[in-house]
Amino acid sequence: MTTVAERTSGRASARQVAVWDPLVRLIHWMLALSVLLNGAFLDADGKPHEWIGYIALGLVGLRLVWATVGPRHARFSAFPPSPAMALRHLRALLAGVRDIHLSHNPLGALMVYNIWLSVIAMGVTGYMMTTITFFGVKWVEDAHEVIFGWLLISVALHVAGVAFDSWWSGVNLVRAMVTGCKNIPGGQDVK
Amino acid sequence: MTLRLWPVKTKERRATVLAGLILLQALCALFFVSDVVEDFRLDGKLDNPHLALETVAAFALISGVVFLMVELRALLSRMSNMQTGLDIAHGQLAGVIEEFFDDWHLTAAERDVALMILKGLDNDSIARVRKTAPGTVRAQATSVYAKSRTEGRAQFISLFIEELLAGSDHPDDGVRKLS
């Protein structure tokens, strides 16, 4: 019986695993949209820019709460910020190991925290510019600009990383962030 | 191969709606909280009714968000349990089918045809999929029925349904986990 079951499950090649819940997906794309709107389209001195900035801050805040109470793959414990794990992952990559991670891979996890922190820093410096104490203060404005540059680089790296990992592991990550399901190729173990 | 039962679909929609509500309500909560903080900063006192009302609204919204989050998490875990049950049933059924096919000594072509019959394809469609003449498929199907000692399509399919229904009598059956 076991051998038959193994044979058939091996033949039923790809399997779908629900990974990203709807809240994670909504927050992800809303955050992407607000970064795009604020970075590329809205007048930096206008009210809409301010509002979208606060929304982005709220989105990250909500995601952080969801990472403590949400389902398994959305939790901090599924993608701990660990440089050691990221290094090990990188070494495995260089050695040609194509492992699949159900949540973020260790490198991706670092990028996630980096982007969240950058957005928070953008929000905080942006808010400071509206206060009387820090209005027109040079270092706050500079910080807002520098962090924005850093955020742009991060987003570019994030997109490149997604493209690379989709090709490398054979799991279409963009599709996973849209439908919520990762399509795991047959006979592959996951972490 | 993607078997979709309707409860899964409605649950998915429910989860999406819940997530949207959480997001909207959390942003509203953020608005009220920052409004309260801003008013307090400008005004310096907490005792006017307007501010009190806003504070209550902010608390109500925040507890609403927390409640919806708990609800969404419970829903998601129910969905994942259901999926696990389906996966187990999937694997078991595939195993049962293979065992039957082995017992009947079906040839590779007959296995293919038999599986497509089980999936509900008619002879013409099977012929198209396998790129053979309809007559060949008819002959293969007849052979499958003969080897399985059934009298045609309906009886052939019901063999497996019967096996599944009877299967729940076994004490240690994976299908049990469905309940």
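Predicted model: local features only at pLDDT ≥ 70, side-chain atom pairs only at ≥ 80, totals over all residues.
1. Overall make-up of chain B. The secondary structure consists of six helices and zero strands. Along the sequence the pattern reads α-α-α-α-α-α. Of the 179 residues in chain B, 14% are buried. Take the contacts in chain B between residues at least 6 apart in sequence: 64% of them join residues at least 24 apart.

2. The interface. On one side stand 22 residues of chain B, in contact with 21 residues of chain A. Helices α1 (6-43) and α2 (49-103) of chain B each supply at least two residues to the side that touches chain A. The most comes from α2(B), with twelve residues. Sorted by class, this side of chain B holds twelve nonpolar, seven polar and three charged residues.

3. Helix α2 of chain B. Its length can be checked. With 55 residues at 1.5 Å a residue, α2(B) should span 81 Å. The end C-alpha atoms of α2(B) are 81 Å apart, so expectation and model agree. The buried residues in α2(B) are A58(B), V65(B), M69(B), L72(B), R73(B), L76(B) and G95(B). R73(B) deserves a look in the viewer, as a buried arginine in this helix.

4. The annotated span in chain B. UniProt, in an unreviewed entry, gives "transmembrane region" for residues 52-72 of chain B. In the model, that span is 100% helix and 0% strand. The end C-alpha atoms of residues 52-72 of chain B are 30 Å apart.

5. L115(B) is 17 residues from E98(B) in sequence. In space the two are 9.6 Å apart, C-alpha to C-alpha.

6. Packing of α3 on α5 in chain B. Helix α3 (residues 108-118) and helix α5 (residues 134-147) of chain B pack at an angle of about 85°, with axes 9 Å apart. At that angle, α3(B) is roughly perpendicular to α5(B). From α3(B), the contact uses A109(B), E110(B), V113(B), A114(B) and I117(B). From α5(B), it uses V137(B), Q140(B), A141(B), S143(B) and V144(B). By class, the contact of α3(B) with α5(B) has seven nonpolar, two polar and one charged residues.

7. Backbone at H105(B). This residue sits in the loop between α2 and α3 of chain B, just after α2(B). Phi of H105(B) is near 55°, a positive value in a residue other than glycine. H105(B) is exposed, with 8 other C-beta atoms within 10 Å.

8. Backbone at R149(B). Here too phi is positive, about 50°, although R149(B) is not a glycine. R149(B) is placed in the loop between α5 and α6 (153-167) of chain B. With 10 other C-beta atoms within 10 Å, R149(B) is exposed.

9. For "transmembrane region", the unreviewed UniProt entry lists residues 26-44, 51-69, 115-135 and 147-168 of chain A. Over residues 26-44 of chain A, the model is 84% helix and 0% strand, with end C-alpha atoms 25 Å apart. Residues 147-168 of chain A are 100% helix and 0% strand. The end C-alpha atoms of residues 147-168 of chain A lie 30 Å apart.

Terms used:
Residues numbered from 1 in each chain as written. Chains lettered and ligands numbered in written order. Contact = placed C-beta atoms within 7 Å. Helix = DSSP H or I, 4+ residues; strand = E, 2+ residues; numbered from the N terminus. Nonpolar A, V, L, I, M, F, W, Y, C, P; charged D, E, K, R; others polar. Axes fitted to C-alpha atoms, helices over the stretch in contact; angles between N-to-C directions. Parallel < 35°, antiparallel > 145°, perpendicular 65-115°, else oblique. UniProt positions renumbered as here; feature names shortened; annotations may be inferred. Expected span 1.5 Å × (residues − 1). Buried ≥ 20, exposed ≤ 12 C-beta atoms within 10 Å, placed from the backbone.
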